[in-house]
Amino acid sequence: MYRLKTPSCGYSKKIIYILSVLILAISGHAVVKATDYLPIRIVIETKDALHQYKEYGKAKAQREARLQQLQGLRITSDGGIFVLVIGESETRDHMGAYGYDRDTTPWMSEEAQKPEAILFRNAYSNHTHTVPVLTYALSEKNQYNDVPLEKAYSLIEIAKAAGYDTFWLSNQRKYGAWDTPVAEIASTADHQAWLNERTGTQDLRSDYYDDILIKNLPDLTNEKNALIVIHLMGCHGSYADRYPEEWKHYSGKRDVIDKYDNAVRYNDYVLQQLYETLKENPRFKGFVYFSDHGEDVEHNYGHEASKFTATMSHIPLFMVISPAFQAERLQTVEILRSHRDSYWTNDLIYNAMIDLLGISGVPGSDLDWDLASSQYSMTKETLRTLHGKQTIQ
């Protein structure tokens, strides 16, 4: 059993304290001006976000009751087995498939050349911290609508209500100050496996490398329709703790960059093994991968929102569509291919996945946000990150 250690991924308590004191020290007109400063806005918004996450959990019964009242929610396509893999802290700026000067993604780079694969060039995160990202990405709440988070249906809830068997497989923690809201979304899945059993607000280590996820994939032999969500530890650093010793591959740049690039390369291997295993199922239809947010390893900023740089929001979005899905829904596949250079933020993965799953009757659907629709209309100018506070770059 591996015992790995990583630093905290949440907002630094020290930073929050210092900035809170600064806010209190400013009075009158200056307070209004201070809120124009990004780090101060992040501190102010943290309290509001925590309240929203708490309310999201309390409203679970209300969402379930409303789901039962949705008479038109159904699978209009042939269905099948779909896989959504969530990466962690991987910026496309360090991925060979996106032009990085190291071959950190040999599998993805090769796979992207095949007709069944689509590598999206301009994907961005909706925030730079995992929980703010995933509570939006995995629910109908996004930066561009006014749906209260606590009232937002989750992708798991919609898929389950439509008739998909739902699975959540994670190498992240289930319980902790910042993990709980994601666990709440996952809690409605029919089947759950949390391989990282650590708890607490400070201990963010993992017991295993991500290859443990390959060994724990569910038996899908008798599944007709299934959605499997897999949450990696990915490139979340302490980067050297994300890969086995034998995966040390790079040297010659700064030590922290070499370690991060090794983590990216190992992540590529995990994705390959997950895909190669799952695609063998005759009902397999699609494999979708995106990262929650990027990482600024060059400046050693990690993904701290108060130190926002563009690379923190630069993420991969990669799909592999099965021949069966292409035969069934060729127009959808062609639309996706036509959008490979379109700008997109990952709080809209909810809309794209509902389309891929072929679910109709979903309330609040807006084709302007659906990357698989010809009506997708978001542009670089209209998209945002940091939950609407920052333009994408």
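Helices (H or I, at least four residues) and strands (E, at least two) are DSSP runs, numbered from the N terminus. The structure is a predicted model, in which local features need pLDDT of at least 70 and side-chain atom pairs count only at pLDDT 80 or more, while totals for chains, interfaces and linings use all residues. Residues are numbered from 1 along each chain as its sequence is written, and side-chain values use heavy atoms, with hydrogens and water left out.

**Confidence**
- The chain has a mean pLDDT (the predictor's confidence in each residue, from 0 to 100) of 87, and 83% of its residues reach 70 or more.
- Over residues 1–33 pLDDT stays under 50, and the model has 61 contacts (heavy atoms within 4.5 Å) beyond four places in sequence for this stretch.

- Strands S2 (residues 81–87) and S7 (residues 284–291) run parallel and are joined by 7 bridges; Ile86 stands opposite Phe290 in S7.

- In helix H7 (residues 155–162), 6 of the 8 residues are buried (under 20% relative accessible area; exposed is over 50%, partly exposed in between, with a 1.4 Å probe and protein chains only), so H7 is largely enclosed by the rest of the structure.
- The buried residues of H7 include Glu157, whose side chain is joined to that of Arg63 by a polar contact of 3.0 Å; such a contact is a pair of N or O atoms within 3.5 Å, and within protein one must be able to donate a hydrogen and the other to accept it, with residues adjacent in sequence counting only if both atoms are side-chain atoms.
- Arg63 belongs to helix H4 (residues 60–68) and is buried, at 1% relative accessible area.

**The loop at Asp190**
- Asp190 is placed in the loop between helix H8 (180–186) and S5, and is partly exposed at 35% relative accessibility.
- The side chains of Asp190 and Thr166 form a polar contact of 2.9 Å.
- Asp190 and Lys160 are 30 residues apart along the chain, with 7.9 Å between their C-alpha atoms.

Methods: Pairing = 2+ DSSP bridges.
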